[in-house]
Amino acid sequence: MHLFFPNVIFKKINSVTFGKDFRHKNINEFMKNILISGGAGFIGSHVVRKFVEKYPDKNIINLDALTYAGNLENLRDLENAPNYFFEKADITQIEELKQVFEKHQPDAVIHLAAESHVDRSIQDPMAFIKTNVQGTANLLNLCRDFWSLNPEYSHGNFPNYRENLFYHISTDEVYGSLGEEGYFVETTPYDPKSPYSASKAASDHLVRAYGNTYGLPFIISNCSNNYGPNQFPEKLIPLCISNILNQKPLPIYGDGKYTRDWLYVLDHAEAIETIFRKGKIAETYNIGGFNEWKNIDLIKELIRQVDEKLGNPEGASEKLLTFVKDRPGHDRRYAIDATKINRELGWKPSVTFEEGLSQTIDWYLENEEWLKNVTSGTYLEYYKKQYLSR
Ligand code: NAD
Ligand code: DAU
């Protein structure tokens, strides 16, 4: 029996829609309260803003533990929006989650909260297991219980959810590493290789298992590397922008020929909103930028643009390029085939890499205070541990 919320369950029985394959044809009709986890982080903050602005008649609840990566400064402009609510809660703490669910009664969850940095997962894997695996399982359990109209689950008979959705935000890293050729498609077998990607793969498996076993309506999307405003400067692009501004070494792991597919974060937020609105239950969508770069070439392009904006002679900051010891188990290449989301839902990236990178650099140049605030304190300890003895 799963009777955490008997009063809620009773209320919802009256508005039940039966049938396994139904889907909110129009989310405006059914969903009133949308909970976004990890909304104070990099991608989450752009997703929260998109939903708050696009759906003024819906309540958007941002649930975030405010770890080192969460920053309410990212959402200062929304503080007075009447349809925006912030709840500080940790997804590894079930009681904290229950309180938020009881207070806000979410109809849908968009789940972004996670430990997200591969290098940190190599330093401290257990933090990733706890948040990404256990935290996701907590949210799934709660959604199953909260949304279920029939607390007695039995296999193959799950008509008892209203118009709800558990939308899980995942990564292309679950597919492993590619050679020179080929792309990740939605059916590529999972082959995660770092503690981070293994923890995300585990969370994806749990989401599908809850769909299969309990009929929980879910969607998963797996996206490539994001870049853009508000990204914490532990990740390659903002770390290098910050280091160029401070004329510090730009650490390039290994031979620098590792390849990633880069997508502007606002295009990812747009893809998430599109999938939320039009995606099919139990489907997976790959999201990517059709934009592959070797790290060394990308950082040279970054240097070119930053130097130009700062009025430095062309290539002046190339002297900062420093090849350092490789990341253990470093995945050689990721490349997403985003044909499905393009063909079925009509989404494609809206900005070119040159434009996106230029806007990103402009944002960091205009927000030096933000950068200064996040690169003080514990960041310095992380930086020392990660780079000084490399
Ligand atoms: P981020 O590290 O910038 O933000 C993560 C957010 O989650 C932070 O606000 C943090 O406070 C919050 N959080 C962490 N642990 C929590 C906990 N226990 N309880 C509640 N909140 C917690 O991450 P991001 O780069 O914005 O990534 C967001 C999601 O997108 C992640 O699930 C990540 O795996 C996925 N993703 C990221 C990328 C990328 O390139 N950054 C690409 C594909 C998928
Ligand atoms: O592919 C999606 C993933 O992209 C997301 O799921 C992760 O949350 C996100 O962090 C990102 O993972 P990566 O490991 O690819 O991103 P990162 O910015 O850490 O590194 C990009 C590439 O640059 C990678 O090949 C490692 C390399 N690198 C990174 C850092 C931080 C360096 O050469 N030097 C560095 O200092």
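Which element gives the largest share of the shell around ligand 1? In this predicted model, that share belongs to helix 3, which supplies three residues. Altogether, 30 residues surround the ligand, and the closest are Gly38, Gly41, Ala69, Gly70 and Ala114. Helix 3 (42-54), helix 6 (125-147), strand 5 (165-171) and strand 7 (225-227) are the elements that give two or more residues to this shell. Sorted by class, the residues around ligand 1 comprise 13 nonpolar, 13 polar and four charged ones.

A helix pair comes next. Helix 8 (residues 236-245) packs with helix 10 (residues 295-310) at an angle of about 40 degrees, and the two axes are 11 Å apart. The pair is therefore oblique, and helix 8 passes helix 10 in a right-handed crossing. On the helix 8 side, the contact is made by Leu236, Ile237, Cys240, Ile241 and Ile244, while helix 10 brings Asn295, Ile299, Leu302, Ile303 and Val306. This contact has nine nonpolar residues, one polar residue and no charged ones.

Finally, a single residue can be followed through its surroundings. Tyrosine 285 sits in strand 10 (residues 284-287). With 23 other C-beta atoms within 10 Å, where 20 or more are required, tyrosine 285 counts as buried. Neighbours within four places in sequence aside, tyrosine 285 is in contact with Ser221, Ile275, Gly279, Lys340 and Ile341. Glutamate 344 is 59 residues away from tyrosine 285 in sequence, yet their C-alpha atoms are 9.7 Å apart in space.

Methods. Residues numbered from 1 in each chain as written. Chains lettered and ligands numbered in written order. Predicted model: local features only at pLDDT ≥ 70, side-chain atom pairs only at ≥ 80, totals over all residues. Axes fitted to C-alpha atoms, helices over the stretch in contact; angles between N-to-C directions. Helix = DSSP H or I, 4+ residues; strand = E, 2+ residues; numbered from the N terminus. Parallel < 35°, antiparallel > 145°, perpendicular 65-115°, else oblique. Left-handed = near helix turned anticlockwise from the far one by under 90°. Contact = placed C-beta atoms within 7 Å. Nonpolar A, V, L, I, M, F, W, Y, C, P; charged D, E, K, R; others polar. Near = placed C-beta within 6 Å. Buried ≥ 20, exposed ≤ 12 C-beta atoms within 10 Å, placed from the backbone.
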